[in-house]
Amino acid sequence: MEEIGKIVNVFGRNILRIAVPDTAFEKISRPGTYVIFRSSSGIQHLALVTGYLLVDELYKRGRVLEELEGYEDITVIRNEVTAVVVGYIREGKIFKGVESLPAPGERVFLADPERLKLLLSAYDVDVGTLASTSDVNFTIDLNMLASRHFAVLAMTGSGKSNTVAVVVSRILEKYPNPRIVLIDTHSEYIPLAKVFKERVRVFSPGGRLSELVKLRYGIEPIPLEVPMWTLGFEEIAELLKLDSRATKQLLYLREALLSVRRERWPHAAPDDPIYFKARQLVERIGSKGGRDDSAIDLKLKLSSLLDDPDLSFITSPVMSEKIYEKTSGAEPERSGRAYTQLYKSLFGEGLNIIALGGLPSEVQVTTVATILRALWRVVSAHVQAGSVLPTLVIVEEAHVYAPKDRDVPSRQILEKIAKEGRKFGVGLGIVSQRPRELSQTLLAQCGTLIALRTTNPEDQRHIMLSVEDIIGELIQGLASLTVGQALISGAAAPVPAIINVHSFTRIYSAELGGKDVDWSKAWAESPEFIDISRLLFAHRERSIENTGPGEARDRAAKLENFLQ
Ligand SMILES: Nc1ncnc2c1ncn2[C@@H]1O[C@H](COP(=O)(O)OP(=O)(O)OP(=O)(O)O)[C@@H](O)[C@H]1O
């Protein structure tokens with residue numbers, strides 16, 4: 001191993017200042033360099049270089065040090081680096097923490113690539129290569145990644161989606177039966193279906209949004225249906241944009257909801273998924289005497305939801321209607337069986353992409369809350385029955401679904417998964433470009449952090465909330481990372497590291513949806529207008545009955561085939 005300097009100070013138990021002669025400086029100047037030294041008890045420790053102190057004054061001090069006994073071999077000392085001890089090596093394996101105190105005066109060596117490969121390249125998911133040594137692959141532990149949750153945070157355009165696509169692809173490559181649900185807010189992960197074929201299912205609301213997916217990616221999505229009767233009270237209120245000040249309207253809504261649900265099952269609570277038709281809910285508003293402006297306003301709001309063809313996957317779903325009709329038995333079991341049949345299709349083996357691009361954010365929030373609540377019901381039922389259904393949920397644009405200062409229904413279920421998911425076998429991955437707007441509860445529950453380039457100090461401060469103490473020092477360095485470079489630390493990482501995340505495009509020869517527009521190329525070629533007329537209007541299909549043998553019927557057949 002190559003010697004690069006000596007420890008001159010130890011702060012606390014794990015922060016080192018290392019004096020480095022000029023000749024060795026360039027060897028440790030790359031971000032994320034590891035050095036090795038022996039601690040006071042002789043155990044080898046690994047430290048990550050976190051900062052450089054290059055001041056003229058040090059040159060003078062270096063000359064003084066030269067004259068001291070034990071430092072003769074350091075000729076000219078100009079540079080100091082700070083390093084954080086990240087782990088110790090025992091029987092060829094790396095363990096996190098400090099086994100015994102580092103001692104000033106100890107010699108420090110550059111960690112050689114062969115040794116790093118043995119320590120860092122043998123875990124489950126190969127996400128990238130060390131930024132300091134490109135021939136060392138950095139791998140992470142799947143169990144820790146999924147069970148302790150993870151966050152991918154960074155400013156826009158810095159490589160979050162690429163990172164998620166690489167992690168998911170590596171899992172699909174390595175494991176025959178993973179179960180991943182990806183909330184794809186901008187419908188940008190759909191190209192994964194081209195790479196992994198039938199192991200990936202893309203779900204998207206029918207009509208215009210499905211058309212767009214087909215047009216853009218050449219992939220026919222499976223119709224997504226989230227019937228209104230499967231929504232809880234708060235989800236419907238969110239859909240109607242009723243905030244907590246609209247007390248009267250909330251009251252009328254709750255009353256109407258209970259009334260339509262209790263018509264089928266007298267013990268129903270407002271959140272119980274007991275079947276009703278959305279139309280019945282409108283009719284029932286104000287039926288108990290409320291005929292004032294609030295009731296009229298609420299009726300109007302609900303009616304306009306029913307009139308919006310883009311929302312027919314909630315207000316007039318075709319297939320779920322059929323499923324309910326075909327389900328026999330008394331309530332509440334009948335609704336329960338229909339509910340399970342409908343939602344379990346979203347949680348099948350492989351990757352399930354819920355493509356929500358193009359929907360307004362309150363609809364996305366409602367849809368995600370309902371789907372995740374269904375997932376929670378399914379997995380907790382498995383646990384109660386003594387089994388588990390390990391499922392990893394990844395949520396893109398997590399600040400939309402779990403904002404810091406707004407109580408939306410998806411935030412409640414996401415926080416529940418973050419807090420209790422480990423016991424139920426539900427792992428959570430959150431992805432966000434606005435860490436400062438994200439629920440702190442959620443952030444604090446993420447055991448693994450993958451942080452890419454982030455320049456906003458407020459975002460950096462929030463990212464600090466989810467990291468181990470030892471890498472706090474590195475957070476400021478996030479501004480100097482390049483696109484695709486990430487700081488990775490926490491439960492799933494063998495040690496904190498700065499890595500170059502693999503490029504999804506390079507490995508799989510496929511482009512993700514959110515890639516940057518190549519302006520110079522586009523403006524050099526003069527792209528043509530495409531015919532957008534059929535995308536301007538949402539399809540007017542309302543239900544299977546009044547569309548005849550048209551598109552609704554095809555759609556129903558498609559979903560039915562899939563469900564069988
Ligand atoms: N590791 C990487 N290697 C090479 N190119 C990369 C890497 N990561 C990202 N890129 C490129 O950088 C661009 C932005 O990446 P990406 O879409 O993943 O960023 P993002 O942070 O998800 O952005 P947004 O917040 O806008 O969704 C893309 O064109 C992508 O191909």
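**Contacts and overall make-up**

I began with contacts in the protein chain, where two residues are in contact if their C-beta atoms, placed from the backbone, lie within 7 Å. Among those between residues at least 6 apart in sequence, 70% join residues at least 24 apart. I kept in mind that this is a predicted model: local features need pLDDT of at least 70, side-chain atom pairs count only at pLDDT 80 or more, and totals for chains, interfaces and linings use all residues. My numbering runs from 1 along each chain as its sequence is written.

Next I looked up secondary structure, and the protein chain has 25 helices and 19 strands. These are DSSP runs numbered from the N terminus, with helices (H or I) of at least four residues and strands (E) of at least two. I then checked burial: of the 564 residues, 46% are buried. A residue is buried with 20 or more other C-beta atoms within 10 Å of its own, exposed with 12 or fewer, and partly exposed in between; C-beta atoms are placed from the backbone.

**Two domains**

I found domain 1 at 3–111 and domain 2 at 137–227 + 317–525, with bounds from an automatic or database domain assignment. Their centres, taken over C-alpha atoms, are separated by 40 Å. Twelve residues of domain 1 contact eight residues of domain 2. On the domain 1 side, strand 4 (44–53), strand 5 (77–90) and strand 6 (93–96) each supply at least two residues, and strand 4 gives the most, with four.

**Glu 80**

I stopped at Glu 80, which sits in strand 5. Glu 80 counts as buried because 21 C-beta neighbours lie inside 10 Å. I also noted Phe 25, 55 residues from Glu 80 in sequence and 9.0 Å from it in space, C-alpha to C-alpha.

**Strand 7**

Strand 7 runs antiparallel to strand 1 (residues 3–11), joined by three bridges, and pairs in the antiparallel sense with strand 3 (residues 34–38) over three bridges. Pairing here needs at least two DSSP bridges. Phe 109 is the bridge partner of Glu 3 and of Ile 36.
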